[in-house]
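These are my notebook entries on one structure. I looked up selected points and recorded each in turn.

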There are 2 protein chains.
Amino acid sequence: MKKAVCIISGGMDSALAAFIAKKEGNEIVALHFNYGQRTQKKELECFEKIADALGAKKVVLDTFFIKEIGASSLVDTSLKVRTGGLEDGVPNTYVPYRNGIFISIAAALAEKEGAQSLYLGVMEEDSSGYPDCTESFIKRIENAVNEGTKKETNIAIRTPLVHMTKGDIVKEALLLGVPLEFTWSCYINEDKACGVCDSCRLRVRGFKNAGAEDMIPYA
Amino acid sequence: MKKAVCIISGGMDSALAAFIAKKEGNEIVALHFNYGQRTQKKELECFEKIADALGAKKVVLDTFFIKEIGASSLVDTSLKVRTGGLEDGVPNTYVPYRNGIFISIAAALAEKEGAQSLYLGVMEEDSSGYPDCTESFIKRIENAVNEGTKKETNIAIRTPLVHMTKGDIVKEALLLGVPLEFTWSCYINEDKACGVCDSCRLRVRGFKNAGAEDMIPYA
């Protein structure tokens, strides 16, 4: 059976990407990172439930150096997460090169596990404007990963959501039976989603555009 | 003043690369990783001395997930580090995609610090055969890093040793005043270098070819 490492944050996008990997016939190694983000505890809980729903092998790795490096309001609580609405440009929730770091670690795990692919929930169109969430970045890092690992290691990086909107994602997730009630998007709160950070706004818009109801609690 | 992040392991190669960065007019941010390797304590001590000799800002980050992933005799003590001599192919001391991981984290630090370059001691010719130590890999990951970070972030990855031999490195290090007595290469021991692991063999050959005397203790 072919094997895929799926990075699962606890949000909707990576959960759907992992369900697509499963549907495509892969045995799943579910990988989650704790990195000192504001909603770390909640995200880990969601990861556990999503990975269980997938029947996946679970790997949880601590990468607290990301908080030490800082320079993002997701890990540095002295910076404010904006709640005024989506704007163009890179917001201060951007964590320097986070996906580059996560993909590199996932590639090491994939090499060890003998996995043929790595699935990520990055999306380019309807996103927060992060530079490490684009198709052109993914192509380049896939190229680096396959050059920098053993000759017999060949890892395809799959980003099935990269050109989807949040509305498409909600619709597809409901079709595939992704337990969206066990996903978390809010950047700020762990009990009731704030509804006004960029990530909540994108989620709310996604459910609205899909004509579906979001079962998580909002403040 | 321009700024460079230098990954410094405690070995000769990265120490020389950092001294070259300094000579080239950079303010140095010295970056070291603890990752559960056999000689972690000794390497950290060497890092501290090398960074002090450079007058560098020091950043030490824990990346113990590398030991968790395992699959290398450097971090998994149930595997044997070979001592019988250098051979072709990738040895079991290879740590899956280690340089990809380290470069990605260093890129995040460089972006935060506003550094223009990142110096590494990788060498291709006279090395242990690791796939993440080649010029073609470095070019690809440099490409990925600059695509996956902010538009205003431009990080040149410098590998001044990539086509040098160990003999060249010893000679150049002595010319630039690198304190080679504070560097450590042995994969196995922290008190007296074993002299027979691949890394010791390369070091011993380097000193011999340079016609210089190595001041560290050997078993």
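Entry 1: I began with A:A71, which counts as partly exposed because it has 17 C-beta neighbours inside 10 Å. I note that the model is a predicted one. I located A:A71 in the loop between α3 and α4 of chain A. Its phi is near 65°, a positive value in a residue other than glycine. For context, I recall that most residues other than glycine have a negative phi.

Entry 2: I placed B:Y97 in the loop between α3 (65-69) and α4 (98-113) of chain B. Is B:Y97 buried or exposed? I counted 33 other C-beta atoms within 10 Å, and the threshold for burial is 20 or more; B:Y97 is therefore buried.

**Entry 3: a loop residue of chain A.** I looked up A:N26, which sits in the loop between α1 (12-23) and β2 (27-34) of chain A. A:N26 is buried, since 23 other C-beta atoms lie within 10 Å. Leaving out residues up to four places away in sequence, I found that A:N26 touches A:K2, A:K3, A:A4, A:A21 and A:S117. I also checked A:N26 against A:V5: they are 21 residues apart along the chain, and their C-alpha atoms are separated by 9.2 Å.

**Entry 4: the sheet of chain B.** In what order do the strands of the open sheet in chain B run? I read the order of the five strands as β3-β2-β1-β4-β5, with parallel pairing. The edge strands are β3 (57-62) and β5 (156-158) of chain B, each of which pairs on one side only.

I followed one pair in detail. Strand β2 (residues 27-34) of chain B runs parallel to β3(B), and six bridges join them. B:L31 stands opposite B:V59 in β3(B). Helix α2 (residues 40-54) of chain B packs on the sheet, where it touches β2 and β3 of chain B, and its direction makes about 175° with that of β2(B). Helix α1(B) lies across β1 (3-7), β2 and β4 (117-119) of chain B, and runs at about 175° to β1(B).

**Entry 5: helix α7 of chain B.** I tested the length of helix α7 (residues 198-210) of chain B: at 1.5 Å a residue, its 13 residues should span 18 Å, and its end C-alpha atoms are 18 Å apart, which agrees. I listed the buried residues of α7(B) as B:D198, B:S199, B:C200, B:L202, B:R203, B:G206 and B:F207. These buried residues pack against α1 (12-23) and α6 (166-176) of chain B. After α7(B) comes B:G211, with a positive phi near 65°.

**Entry 6: the two chains.** I superposed chain A on chain B by a rotation of 180° with 0.0 Å of shift along its axis, at an RMSD of 0.0 Å. That is the relation of a two-fold axis.

The contact takes 34 residues from chain A and 34 residues from chain B. On the side of chain A that touches chain B, β3 (57-62), α3 (65-69), α4 (98-113) and α5 (135-148) of chain A each give two or more residues. I assign the largest share, 10 residues, to α4(A). By type, the residues on this side of chain A divide into 17 nonpolar, nine polar and eight charged. Finally, 100% of the interface residues of chain A are also interface residues in chain B, so the copies meet through the same surface.

Methods:
Residues are numbered from 1 along each chain as its sequence is written. Chains are lettered from A and ligands numbered from 1 in the order in which they are written. This is a predicted model: local features need pLDDT of at least 70, side-chain atom pairs count only at pLDDT 80 or more; totals for chains, interfaces and linings use all residues. Copies are superposed by least squares on the C-alpha atoms of residues with pLDDT of at least 70 in both. Two residues are in contact if their C-beta atoms, placed from the backbone, lie within 7 Å. Helices (H or I, at least four residues) and strands (E, at least two) are DSSP runs, numbered from the N terminus. Ala, Val, Leu, Ile, Met, Phe, Trp, Tyr, Cys and Pro count as nonpolar, Asp, Glu, Lys and Arg as charged, and the others, Gly among them, as polar. The expected span of a helix is 1.5 Å times one less than its number of residues. A residue is buried if 20 or more other C-beta atoms lie within 10 Å of its own, exposed if 12 or fewer, and partly exposed in between; C-beta atoms are placed from the backbone. Two strands pair if DSSP finds at least two bridges between them. Axes are lines fitted to C-alpha atoms, for helices over the stretch in contact, and angles run from 0 to 180 degrees between N-to-C directions.
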